[in-house]
Amino acid sequence: MSSTQRDRDDRYDANADFGMPDLAGVVPPGGRVDEDPVTVHSDYFDTADRDLRAHRVSLRRRSGNIGAGWRLRVPGHKAHTDIRMPLTTGDALPDELATLVSGVALGKPVHPVATISTARRRHRILDADGNLLAEIADDTVRSTVAGGCAGDAAIAGKWREVGVELGAAGDRALLRAIGTRLTRAGARPARHSSKLSRALAPHGTGDSGTSGVDPVQKSLTAYLDTQVQEIIAGDVQLRRGLDPIHPTRVGIRRFRSTLRVFKNLLDPDAAARLDEELSWYAGVLGEVRDREVQRARFVAAVTDLPDELVLGPVAARIESDLLAEQLRYRAEVMATLDTERYRAILADLARWRSAPPLTDDARSGATVLKKAARKATRKADKRLAAALDDGDDEGLHRARKAAKRARYAAELTRGIVGKKKGKKKVAQYKKIQQVLGDHQDSVVALGPLRTLGARAGTTEGENGFTFGLLYGLELQAAQRAREDAAQLAS
């Protein structure tokens, strides 16, 4: 069983003598607060090198009187995914979960690395109809972390913390109101993102914020981290048999764009190596994505044609040929996930997402980011103008890629140049990217349509006429996209 959830919770550190504040002011008319004690015992699993933790992935087995069972949590940019399974006996990981984490574990064995026991006092805020608005968990936590090497002593810890999680009927205004009361009572925003993080690094500075980090490092690290989240989430979803190929490729494109636009701020050798490897993986995924897009595009086009113009089993030919290719390339993707070359990419991404290798230029302040972003926009404008003058399909494709880089650079620097100005710039180049993307889709469609038409034309009971018609419609669509691009450039 799995679910995708948006983050709707806050965490606070508290002293041992912390007293829970009065919650009456946040309870709606007719509502109530239910309180009860619960106990939770969780064993967390990882590799000896903490590879899951490096990608913020957590895997635990929980026992106690609430939430017993296995849970794999995979963070995402806008939402995290929870995958839950019933409790099993012993330390052996269920085969399904072992498969799902085999990528982030880099093929290494996974075993218990920490035990966390929690004595919790739950405060559940309900509305007049009994719907859960929020749950406040007042936790006294004890942890034991296994020694890193054979013979090392285990590390024990104890602390107090408070967590607030919105129920299905709650909203962020309630989350803020509860937070205000907790901080006034002496609680502090948590320095660590989870109990496991605190257990593994009890004396660290925390991992929940970026205060004190210079703006260049903060902006680059945050943007790269977001893209890695998409790539890692895509790895797990692929192993579940789902289809995350498009968002995974977008995350790769944004990451590679950052390596190129801001190349003067990053170690050139390390950036070039990672760019090349990400390009390889994106190409493997792209073979599947191209067939997905073409199948949907061609079937929709056939559906829009009058019946008298559809000669022969056109939709069946499209589906059988392109689906067969898509499944073959999907099998290649799955084989790729278990290669050492791919695992090396994930290992590199774990390092880059938290500590990209910056050059001395990156210490020059936010000006260097804005300068690089401006250069990307000038390059995009110049490429578009040149491509429109030449009328060359390849030139328009290169202009599209430049527009993407300008858009992504504007996304990264939005917090520095100002939200309003940054949002306008992102929208401008997103529109150019979309129009040029329509042109490229039509250009790419011509080859498969020509192949499908040739096969149909030489197969008994079929006819290549409709594929020729679709070919002509794609040529018209490409011309319209050129005209739209010219208007955007004027």
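**Exercise 1.** Determine where glutamate 287 and arginine 291 lie and how their side chains are related.

Solution. Step 1: glutamate 287 and arginine 291 both belong to helix α7 (residues 268-304); helices (H or I, at least four residues) and strands (E, at least two) are DSSP runs, numbered from the N terminus. The two residues are four residues apart, about one turn of the helix. The model is predicted: local features need pLDDT of at least 70, side-chain atom pairs count only at pLDDT 80 or more, and totals for chains, interfaces and linings use all residues. Residues are numbered from 1 along each chain as its sequence is written, and side-chain values use heavy atoms, with hydrogens and water left out.

Step 1: the closest N and O atoms of the pair are 2.6 Å apart, and the pair forms a salt bridge, defined as a side-chain nitrogen of Lys or Arg within 4 Å of a carboxyl oxygen of Asp or Glu.

Step 2: glutamate 287 is partly exposed, with a relative accessible area of 29%, whereas arginine 291 counts as buried at 14%. Buried means under 20% relative accessible area, exposed over 50%, and partly exposed in between (1.4 Å probe, protein chains only).

**Exercise 2.** Describe the salt bridge of glutamate 340 and arginine 343, and the surroundings of arginine 343.

Solution. Step 1: arginine 343 is placed in helix α9 (residues 340-354). Because glutamate 340 and arginine 343 are three residues apart in helix α9, about one helical turn separates them.

Step 1: their side chains meet in a salt bridge at 2.9 Å, N to O. Glutamate 340 is exposed at 58% relative accessibility, while arginine 343 is buried at 16%.

Step 2: leaving aside neighbours within four places in sequence, arginine 343 contacts Leu106, Gly107 and Asp338; contact means heavy atoms within 4.5 Å.

**Exercise 3.** Which residues touch serine 219, and is serine 219 buried or exposed?

Solution. Step 1: serine 219 sits in helix α5 (residues 215-239).

Step 1: not counting residues up to four places away in sequence, serine 219 touches Leu369, Leu412 and Ile416.

Step 2: serine 219 counts as buried because its relative accessibility is 16%.

**Exercise 4.** Summarise the protein in terms of secondary structure, extent, burial and contacts.

Solution. Step 1: the protein has 14 helices and 10 strands, and its C-alpha trace spans about 80 × 60 × 55 Å along its principal axes.

Step 1: 46% of the 490 residues count as buried.

Step 2: among contacts between residues at least 6 apart in sequence, 72% join residues at least 24 apart.
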